[in-house]
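Hello,

Here is the structure I promised to pass on to you.

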Amino acid sequence: MKICHVVGARPNYMKVAPVSRALQLCSDSQQVLVHTGQHYDFNMSEVFFQQLGIAAPDINLKVGSGSHAQQTADIMVRFERVLSTEKPDLVLVYGDVNSTVAAALVCAKAGVKLGHVEAGLRSFDRRMPEELNRVVTDQLADLLFTPSVDGNLNLGREGITSEKVFFVGNVMIDTLIRMLPIISEYTFPHLPKRYALVTLHRPSNVDDVNWLKDMIEMLTGVTKDIAVIFPVHPRTRQRISALNLPLSSALHLLDPLPYLEFLALERCATVVITDSGGIQEETTFLGVPCLTVRDNTERPVTIQIGTNELVGRDLGQIAAALEKVLQGSRKPFAVPPL
Ligand code: UD1
């Protein structure tokens with residue numbers, strides 16, 4: 001059986017790694033790895049392949065950045081050619097990025113069997129591009145692999161028959177577990193023992209100039225109580241530069257970090273402040289308090305069971321939640337099944 005994996009953006013790589021490793025054990029499977037080129041910076045892509053031990057992509061579509069329509073359309077046009085030459089029996093897409101939905105649309109129209117890894121997650125907020133990508137991809141997929149049982153319930157509500165849906169657990173956490181012995185050896189002697197680790201890249205946070213300015217000022221204020229380490233996503237870096245704000249050196253703005261370095265920092269953080277999806281799950285697994293700067297999450301299990309707390313786009317709520325964590329207050333938490 002010939003299986004084609006399609007990845008394109010940073011959060012896809014740690015998900016394809018364990019699936020591809022598992023399939024290598026099946027003697028009758030042949031695999032092709034397609035990178036769409038949605039992310040192309042060394043720190044957003046290649047370094048992850050190196051650290052995760054994934055072979056270089058067989059095919060790179062090199063689409064690069066663009067508007068949503070342009071990026072999605074470019075991937076579709078280029079991936080359609082790959083399908084017709086490679087003729088896979090099954091295409092696997094991952095997560096909720098533009099590369100995911102673009103490849104899904106091409107497969108559905110070409111009649112090629114499609115599997116979606118990380119199916120069923122819903123924020124119920126259609127202003128998020130990722131939510132549109134999830135809903136469309138799940139409608140088109142023939143096989144849907146969910147990371148948590150809420151995914152199965154969401155898919156059932158959308159009329160997707162349960163025969164197509166498999167609760168397989170969280171493959172990104174499988175990668176984290178594989179890497180734990182390595183990251184446990186990492187030390188950061190130049191960093192203080194207690195620090196807040198920050199990541200922000202969602203359009204809802206960084207494309208609103210006034211809100212981004214408020215957040216940067218708030219984080220600068222936080223440095224009075226605790227060091228703030230902020231690896232900055234390229235789109236956030238562009239927005240911060242455009243603000244022309246005087247930036248305090250107490251706010252440690254770093255380039256995007258490689259996977260292992262970031263995980264190691266996450267594991268030892270006093271608190272994580274983020275708008276990422278995957279980081280909500282990683283912090284829950286690692287038992288690190290996480291404050292999510294969003295009004296909703298497609299990963300409710302991290303709130304119901306895990307260490308995550310939604311603080312919304314509300315400076316007062318963020319400050320109050322942060323103060324509680326810094327005073328040592330922890331909500332009870334457990335790791336969700338699988
Ligand atoms: C994408 C995903 C988002 C995911 C995030 C992880 C979609 C709709 N969004 O958002 O779900 O959480 O990846 O990072 O697919 N850029 C670079 N170098 C790169 C990649 C991007 O400089 O290697 C810059 C470009 O200016 C680009 C911008 O970042 O326009 C945004 O990149 P894009 O892939 O469009 O979306 P992300 O914000 O990364």
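In what follows, two residues are in contact when they have heavy atoms within 4.5 Å of each other. Please also keep in mind that this is a predicted model.

Is E131 buried or exposed? Its relative accessibility is 1%, and buried means under 20%, so E131 counts as buried. Which residues does E131 touch, once its neighbours within four places in sequence are set aside? They are L121, R122, S123, F124, D125 and R126.

Now for the chain as a whole. There are 14 helices and 13 strands in it. The radius of gyration is 20 Å, close to the 20 Å that the globule rule gives for 338 residues, so the chain is as compact as a globular protein of that length. Of the 338 residues, 55% count as buried. If you take the contacts with a separation of 6 or more, 66% of them are between residues 24 or more positions apart.

Two helix pairs are worth a look on your screen.

The pair α3 (residues 68-86) and α4 (residues 98-110) packs at an angle of about 45°, and the axes are 8 Å apart. These helices are therefore oblique to each other, and their crossing is right-handed. On the α3 side, the contact is made by H68, Q71, T72, I75, M76, F79, E80 and L83. From α4 come N98, S99, V101, A102, A103, L105, V106, C107 and A110. Sorted by class, the residues of this α3 and α4 contact are 11 nonpolar, five polar and one charged.

The other pair is α11 (residues 259-268) with α12 (residues 278-286), where the angle is about 50° and the axes lie 10 Å apart. As a result, α11 and α12 are oblique to each other, and α11 passes α12 in a right-handed crossing. Here Y259, F262, L263, E266 and R267 of α11 meet I279, E282, T283 and L286 of α12. The residues of this contact between α11 and α12 divide into five nonpolar, one polar and three charged.

That is what I have for now.

Conventions:
Residues are numbered from 1 along each chain as its sequence is written. This is a predicted model: local features need pLDDT of at least 70, side-chain atom pairs count only at pLDDT 80 or more; totals for chains, interfaces and linings use all residues. Side-chain values use heavy atoms; hydrogens and water are left out. Axes are lines fitted to C-alpha atoms, for helices over the stretch in contact, and angles run from 0 to 180 degrees between N-to-C directions. Helices (H or I, at least four residues) and strands (E, at least two) are DSSP runs, numbered from the N terminus. Angles under 35 degrees count as roughly parallel, over 145 as roughly antiparallel, 65 to 115 as roughly perpendicular and the rest as oblique. A crossing is left-handed if the near helix is turned anticlockwise from the far one by less than a right angle, and right-handed if clockwise. Ala, Val, Leu, Ile, Met, Phe, Trp, Tyr, Cys and Pro count as nonpolar, Asp, Glu, Lys and Arg as charged, and the others, Gly among them, as polar. The radius of gyration is taken over C-alpha atoms; the globule rule is 2.2 Å times the number of residues to the power 0.38. Buried means under 20% relative accessible area, exposed over 50%, partly exposed in between (1.4 Å probe, protein chains only).
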